Amino acid sequence: MERSLLTVKNLYFSYDDKAVLKDINVNIRRGERVAVMGSNGAGKSTFFLNLNGVLHPEQGQIYLEGKQIGKKDLKELRKRVGFVFQDADSQIIAATVKAEISFGPMNMELGREEVEKRVRDAVSYMDLDKLKDRPPHYLSGGEKKRVSIADILAMEPELLIFDEPMAALDPVNADNVERILNRLHDDGKTLLIATHDVDFAYRYADRILVFSDGELIADGTPVDIFHREKIMERAHLKQPEMLVIWEALRAAGLVAFDSRYPVTSNQVAKEIAHIKVKKEGES
Amino acid sequence: MQIDYYAYRSNINNWNAGFKVLLAMGTLCLVIALDKTAVSLFVIMFFGILTLGVGKTPARIYLHFMTVPLAFMICSGIAIAVQFAGSPVGEWNISLHFFYLCLTRSSVALAAKVFLKGIAGMSALYMMAFSTPMHEIIDVMRKLHLPRLFIELMSLIYRYIFILFDVAEKMQTAAKARLGYQSFRQSFRTFAGVVGNLFLISLKKANAYYDALLSRGYDGKIEFLADEKQIRPWQIGGCACYFTILIFLWYVCK
């Protein structure tokens, strides 16, 4: 089993008198792709801000690689856990793309050369070379999103948190972001992604955390979570389309009842083509 | 706002910002100090060619922005040229029954001189504004060691003013779509609503922005990587020639 990267124990948090997070216990392992789901106001964003060290838990502890994070280690936490905000505009503060990406590394007090190198790497990773001297207010939504991801990449965190990365993007840009998320996973990053898109969570994540009313009500594999009707009802989720189709194929006896669960439309299509070949062979 | 857009598209955007600020400010001081019509005329021509010819700022836009100070300068020009008198003095005068409006040759000359000086100063400043994005000017101020608080505020305001305008525009469009600006009275009420809401949204967003700053390790100072644009030898040469011509013109006219 992979080493654990971030552990949260008995975390409580409230705004004023309203309890927003209640007794959260999670252990995130290195290299995992975790989708975080739940209806609006379930506490996902507050949870993320706690993980990132912006908010401080009222009760409970956060451990980074087994080391408990105290008040003095917040900077360390912010360095190693990066947070890409949902609205790129609320993150971007500089007047050019390059300056913007340099903000995080500059705060980490690295040498100028190291900052330049990290900015260069982030720019080429996110394919922003052509835009690097442009001001953010003349960029499109998709471009701004890429800048806001590059912002965080330049800080080279081990755990990346994305708050609804595909929200308000057109399908092409949403696909781009998904490709970037895949690439980040291949490069060994640990990813925590808040999303409302059940189809995306089903095909992308290894693990899903479900929040409802400030509580973590389920923690399991996508196949497991999307078979638990009570949980889905409480968290305002529904079954992913590919899973519905797959279950129908199974119920009709067209595919074997085994542990295979195709997650993309292409995979399901291939299986269906396979059924046809088999049937023709039989007749 | 619009000036900023053209500044990014200018062909002289790639000149060193400090150099342009120095050129504009130096000119402004010299135009005032030397106080010669020939100098003013030369400056207007020089910067007109620089902004329109080299920088390729559209002439329509340039003239449009020139009309703003022009209105002020024409008004003040008239105020300088026209004098009130009890009797018909001066080369030209109009009787207004109680008193006379008089123009003398020297007062008209003085008005023209002041007017040209004003235009000269404006064309120098517009060369800077039409070719240097705000953030580069802020960088120059940073190098001049202006207070950090002042500089950081300026750069944040510069960034957020675009977001503010964006949100305001969206709200206004939404109000228009619901007939919010149909009558004069209605417009007033809608406008008040938009402004009030804008304030509340700003407060709410300020929190989100602060969280975003913290999450990237903000601890009290805002710093970015700034690129220095190179000053080329021919630019220094040109600049030296230009200032020499200014002094020479002044010397000839003395």
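Which domains does the domain assignment give for chain A? Domain 1 spans 4–236 and domain 2 spans 240–283; such bounds come from an automatic or database domain assignment. The model is predicted: local features need pLDDT of at least 70, side-chain atom pairs count only at pLDDT 80 or more, and totals for chains, interfaces and linings use all residues. Residues are numbered from 1 along each chain as its sequence is written, with chains lettered from A and ligands numbered from 1 in the order in which they are written.

The C-alpha centres of the two domains of chain A lie 34 Å apart. Their contact takes six residues from domain 1 and seven residues from domain 2 (two residues are in contact if their C-beta atoms, placed from the backbone, lie within 7 Å). On the domain 1 side, helix α7 (residues 198–204) of chain A gives the most, with four residues. Helices (H or I, at least four residues) and strands (E, at least two) are DSSP runs, numbered from the N terminus. By class, this side has four nonpolar, no polar and two charged residues. Ala, Val, Leu, Ile, Met, Phe, Trp, Tyr, Cys and Pro count as nonpolar, Asp, Glu, Lys and Arg as charged, and the others, Gly among them, as polar.

Helix α1 (residues 44–51) of chain A is mostly covered, with seven of its eight residues buried. A residue is buried if 20 or more other C-beta atoms lie within 10 Å of its own, exposed if 12 or fewer, and partly exposed in between; C-beta atoms are placed from the backbone. Among the buried residues are A:Phe47, A:Phe48 and A:Leu51. A:Lys44 is also buried. Just after α1(A), A:Gly53 takes a positive phi of about 85°.

Chain B gives 25 residues to its contact with chain A, and chain A gives 30 residues. On the chain B side, α7 (148–177) and α8 (184–215) are the elements that give two or more residues. The largest share, seven residues, comes from α8(B). By class, the chain B side has 14 nonpolar, four polar and seven charged residues.

Within chain B, the axes of helix α3 (residues 37–54) and helix α5 (residues 105–129) come within 8 Å and cross at roughly 30°. Axes are lines fitted to C-alpha atoms, for helices over the stretch in contact, and angles run from 0 to 180 degrees between N-to-C directions. The two helices are therefore roughly parallel to each other (angles under 35 degrees count as roughly parallel, over 145 as roughly antiparallel, 65 to 115 as roughly perpendicular and the rest as oblique). Residues of α3(B) in the contact include B:Leu41, B:Ile44 and B:Phe47. Those of α5(B) include B:Leu116, B:Ala120 and B:Met127. By class, this contact has 11 nonpolar, five polar and two charged residues.
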